[in-house]
Amino acid sequence: MFNSFIKILSLVLFSASFIHGATQKKPNIILILTDDQGYGDMAVHGHPHLETPNMDRLHDESVRFDRFYVSPSCSPTRAALMTGMHEFRNGVTHTIQPREKLYKGAVTIADILKEGGYKTGFVGKWHLGNDKGYAPQYRGFDWYAKNAKGPHNHFDVEMIRNGRRHKTEGFREDAFFDEAMTFMKEAGEQPFFLYLCTYSPHTPLGAPENLLKKYREKGLNENHAAYLAMIENIDDNLGRLDQFLKREKLYDDTLVIFMNDNGVTVGLDVYNADRRGPKGTIWEG
């Protein structure tokens, strides 16, 4: 499945390059991966409470992979996505050490695109090993930004950008998208590949108060309200990204790919798009 995805992406890139002409700039690529968001966790997929206008618009304007399947948990999906190889071949079969570490001989999509003249950037949750030789800066990414303490801090996080730390204000995913925009600006005229991975809506749960209040008022309990608020925050940031691409005149030359890593968790008993099972199962939910 993932090998087919890489082949399709390569075909898209080849076609885009052919259409633009050999002398024109190669298309930019933004790959956004959310964490524990279910197929049903979008308004356009029938969710009775969520408001996701930007995801819905992206859905309506895009080519959709309706038979594209991920692994039942986080790290195996990420490893297969980076390499095009099944988890039994790339060595990542779990989310805990040492089985989360992508083997050092693997060639990543970032390696390939970097050789093709792309500036490669990573933002957010990696989960394929943080030791020397395994972290993003050793896997084909020449620019990276992540937050200290991973999913446990939701507000005013400390970001680590290319080894240097700086404090941010506001919600964590807002900071991630800010870092993404910084990377794109720094790419200048060079085509870029951005791999942007959120922690939301993975537990522990937390979200901006205005969104929490909104979903509490819909009659949802605190966990469900926080889970859906985290997803709407991602949606808000997709809107910010859309405006950024238009403002920076990158919109027409950028491919945006949006997907999740393994399916629903906290929101399972609110809405699951008539699908069976959650994260951790082989079913479509």
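Colleague: In which strand is asparagine 28 found, and why does asparagine 28 count as buried?

Modeller: Asparagine 28 belongs to strand β1, residues 28–34, where helices (H or I, at least four residues) and strands (E, at least two) are DSSP runs numbered from the N terminus. Its relative accessibility is 0%, and since buried means under 20% relative accessible area, exposed over 50% and partly exposed in between (1.4 Å probe, protein chains only), asparagine 28 counts as buried. This is a predicted model in which local features need pLDDT of at least 70 and side-chain atom pairs count only at pLDDT 80 or more, while totals for chains, interfaces and linings use all residues. Residues are numbered from 1 along each chain as its sequence is written, and side-chain values use heavy atoms, with hydrogens and water left out.

Colleague: What makes the pairing of the side chains of asparagine 28 and threonine 254 a polar contact?

Modeller: The two side chains come to 3.3 Å, and a polar contact is a pair of N or O atoms within 3.5 Å; within protein, one must be able to donate a hydrogen and the other to accept it, and residues adjacent in sequence count only if both atoms are side-chain atoms. Threonine 254 is also one of the residues in contact with asparagine 28 once neighbours within four places in sequence are left aside, and Tyr118, Gln190 and Phe192 are among the others; contact here means heavy atoms within 4.5 Å.

Colleague: How do you know that histidine 47 is buried, and where does histidine 47 lie?

Modeller: Histidine 47 has a relative accessible area of 7%, which makes this residue buried, although its place is in the loop between β1 and α2. A polar atom of its side chain lies 3.1 Å from the backbone nitrogen of leucine 50. Beyond its neighbours within four places in sequence, histidine 47 is in contact with residues including Asp41, Leu228 and Tyr271.

Colleague: Why is α2 called oblique to α8?

Modeller: Two packed helices are described by the angle between their axes and the distance between the axes. Helix α2 (residues 53–61) and helix α8 (residues 222–247) pack at about 60°, with axes 7 Å apart; axes are lines fitted to C-alpha atoms, for helices over the stretch in contact, and angles run from 0 to 180 degrees between N-to-C directions. Angles under 35 degrees count as roughly parallel, over 145 as roughly antiparallel, 65 to 115 as roughly perpendicular and the rest as oblique, so α2 is oblique to α8. Among the residues making the contact are Pro53 and Arg57 of α2 and Ile231 and Asp242 of α8.

Colleague: Why is α8 described as largely enclosed by the rest of the structure?

Modeller: Of the 26 residues of α8, 19 are buried, so α8 is largely enclosed by the rest of the structure.

Colleague: What caps the N-terminal end of α8?

Modeller: Asparagine 221 does, with a side-chain oxygen 3.1 Å from the backbone nitrogen of asparagine 223.
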